[in-house]
Amino acid sequence: FDGLPVYVTEQEANDYLTANPYNPAQGLEMIGVQYWALNFTNIPEAYANWRRTGYPALTPVEYPTSRTDGVIPTRLKYLPSEAVTNQGNLLEAIQRQGPDTYTTNVWWDVD
């Protein structure tokens with residue numbers, strides 16, 4: 001790739017759509033996988049959309065220094081500066097939502 005724009009011809013687009021027809025029963029999954037691929041280099045957006053839709057189906061990875069015990073993180077931890085600059089609200093939030101870990105569900109995540 002030399003930085004030049006990449007173009008898809010109408011024929012290439014039609015060939016792709018013919019080979020990958022839209023299936024309404026799998027619509028959310030199909031869109032979620034394509035959206036993940038589109039945002040692969042935009043990590044926050046790819047992660048947020050995966051959290052919203054559950055697609056694509058990801059495989060957790062366990063490695064020696066993992067802080068999630070092989071579970072895909074469901075949230076980010078609070079920054080250490082919050083304990084210094086906003087300790088009261090931080091403690092209240094932790095009391096309401098649960099431990100400040102990467103695997104504690106956010107308030108809207110009831111799974």
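Reader: At roughly what angle do the axes of H2 and H3 cross?

Author: The axes of H2 and H3 come within 9 Å. Axes are lines fitted to C-alpha atoms, for helices over the stretch in contact, and angles run from 0 to 180 degrees between N-to-C directions. H2 and H3 cross at roughly 165°.

Reader: Is H2 roughly parallel or antiparallel to H3?

Author: Angles under 35 degrees count as roughly parallel, over 145 as roughly antiparallel, 65 to 115 as roughly perpendicular, and the rest as oblique. The axes cross at roughly 165°. That makes H2, relative to H3, roughly antiparallel.

Reader: What kind of model is this?

Author: Residues are numbered from 1 along each chain as its sequence is written, and side-chain values use heavy atoms, without hydrogens or water. Local features need pLDDT of at least 70, side-chain atom pairs count only at pLDDT 80 or more, and totals for chains, interfaces and linings use all residues, as this is a predicted model.

Reader: Is the crossing of H2 and H3 left-handed or right-handed?

Author: A crossing is left-handed if the near helix is turned anticlockwise from the far one by less than a right angle, and right-handed if clockwise. The helices themselves are DSSP runs (H or I, at least four residues), numbered from the N terminus. The crossing of H2 and H3 is left-handed.

Reader: How many residues of the contact of H2 with H3 are charged?

Author: Leu28, Gly32, Tyr35 and Trp36 of H2 meet Glu45, Ala46, Tyr47, Asn49, Trp50 and Thr53 of H3 (contact: heavy atoms within 4.5 Å). Ala, Val, Leu, Ile, Met, Phe, Trp, Tyr, Cys and Pro count as nonpolar, Asp, Glu, Lys and Arg as charged, and the others, Gly among them, as polar. The residues divide into six nonpolar, three polar and, for charged, one.

Reader: Which helix do the buried residues of H3 pack against?

Author: In H3 (43-53), Ala46, Asn49, Trp50 and Arg51 are buried. Buried means under 20% relative accessible area, exposed over 50%, and partly exposed in between (1.4 Å probe, protein chains only). The buried residues of H3 pack against H2 (27-38).

Reader: Which two residues does a cis peptide bond join?

Author: Most residues other than glycine have a negative phi, and most peptide bonds are trans. Just after H3, Gly54 takes a positive phi of about 85°. The cis bond has an omega of about 5° and joins Tyr55 and Pro56.

Reader: What is the relative accessibility of Thr68?

Author: Thr68 sits in the loop between H3 and H4 (80-85). Leaving aside residues up to four places away in sequence, Thr68 touches Pro73, Tyr102 and Thr103. Its side chain reaches the backbone oxygen of Val71 at 2.7 Å. Thr68 counts as buried because its relative accessibility is 11%.

Reader: Which backbone nitrogen does the side chain of Ser66 reach at 3.1 Å?

Author: Ser66 lies in the loop between H3 and H4, and at 15% relative accessibility Ser66 counts as buried. A polar contact is a pair of N or O atoms within 3.5 Å; within protein, one must be able to donate a hydrogen and the other to accept it, and residues adjacent in sequence count only if both atoms are side-chain atoms. The Ser66 side chain reaches the backbone nitrogen of Asp69 at 3.4 Å. At 3.1 Å, it reaches that of Thr68.

Reader: What phi does Asp69 have?

Author: Asp69 is in the loop between H3 and H4. At 68% relative accessibility, Asp69 counts as exposed. Its phi is positive, in a residue other than glycine, and near 55°.

Key:
Helices (H or I, at least four residues) and strands (E, at least two) are DSSP runs, numbered from the N terminus.
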